[in-house]
Amino acid sequence: MFTDIIPFSIEINTALIAGACLWALALYVGLSRLKDWFIEKLNLWFNFAERFMYTSQQEFDRTRPARESQNAFYASLFSIIPFLAIGILCDLAIEWGLGRGWSVSMGLLACIGCAIYELGKLDGENS
């Protein structure tokens, strides 16, 4: 279907995509303090950068709650990007060191391990 439109073939390495996303999820869950720091800094930067788009203080104050909640959403969404980059590097390192078959398996094990670590950390904080 796409070969009719595009005259060349595009190779997609699905194992790399799956492994990198699993590693990114594991790091996102396991490094929750770093994730919260990224979200906080991105939110501050979005709020600071958006201030220069308004010329009147009244309009800026009137739309503040909606803008701040939208910026918090964007900050949490964009905080995934550094973890995806590190996840790609972790997946490529596992693929280089152990072979292609281990990258997705190790990503899945990392997800499970980081989730258990985070649950234990939350339980320890609540006790």
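1. Contact here means heavy atoms within 4.5 Å. With that in hand, a quick note on this predicted model: of the contacts in the protein with a separation of 6 or more, 81% come from residues 24 or more positions apart. Several of the points below look at individual pairings of this kind.

2. On the overall fold, the count is seven helices and zero strands. Reading along the sequence gives α-α-α-α-α-α-α. The radius of gyration is 20 Å, well over the 14 Å that the globule rule gives for 127 residues, so the protein is more spread out than a compact globule. Along the principal axes, the C-alpha atoms fill a box of roughly 60 × 60 × 20 Å.

3. Now for burial and surface. Of the 127 residues, 23% count as buried. The protein exposes about 9,100 Å², and carbon and sulfur atoms supply 70% of that area. As for charge, there are 9 positive and 13 negative side chains, with the centres of the two sets 9 Å apart.

4. Which residues make up the largest nonpolar core? There are six in all: Leu-22, Trp-23, Ala-26, Ile-94, Ala-110 and Cys-111. Helix H2 (14-30) and helix H7 (102-126) are the elements that give two or more residues to this core, and H2 gives the most, with three. As background, nonpolar side chains tend to be buried together in soluble globular proteins.

5. Ala-110 lies in helix H7 and counts as buried because its relative accessibility is 14%, where the cut-off is under 20%. Setting aside neighbours within four places in sequence, Ala-110 is in contact with Trp-23 and Ala-26. Ala-110 and Gly-30 are 80 residues apart in sequence, yet their C-alpha atoms are 9.0 Å apart in space.

6. You'll find Leu-42 in helix H3 (residues 32-51). Is this leucine buried or partly exposed? Partly exposed, because its relative accessible area is 22% and buried would need a value under 20%. Not counting residues up to four places away in sequence, Leu-42 touches Ala-75, Phe-78 and Ser-79. Leu-42 and Ala-72 are 30 residues apart in sequence and 8.3 Å apart in space, C-alpha to C-alpha.

7. Next, a pair of arginines. Arg-67 sits in helix H5 (residues 64-78) and counts as buried, because its relative accessibility is 6%. What is Arg-67 in contact with, once neighbours within four places in sequence are left aside? The partners are Glu-50, Tyr-54 and Phe-60. Arg-33, found in helix H3, counts as exposed because its relative accessibility is 64%, where exposed means over 50%. Arg-33 touches Lys-121 and Glu-125, not counting residues up to four places away in sequence.

Methods: Residues are numbered from 1 along each chain as its sequence is written. Side-chain values use heavy atoms; hydrogens and water are left out. Helices (H or I, at least four residues) and strands (E, at least two) are DSSP runs, numbered from the N terminus. The radius of gyration is taken over C-alpha atoms; the globule rule is 2.2 Å times the number of residues to the power 0.38. Buried means under 20% relative accessible area, exposed over 50%, partly exposed in between (1.4 Å probe, protein chains only). Accessible areas come from the Shrake-Rupley method with a 1.4 Å probe; for residues, only the protein chains shown count as cover. Lys and Arg count as positive and Asp and Glu as negative; His and the chain ends are not counted. The place of a charge is taken as NZ of Lys, CZ of Arg, CG of Asp or CD of Glu. A nonpolar core is a set of buried Ala, Val, Leu, Ile, Met, Phe, Trp, Tyr and Cys residues joined through side-chain atoms within 4.5 Å.
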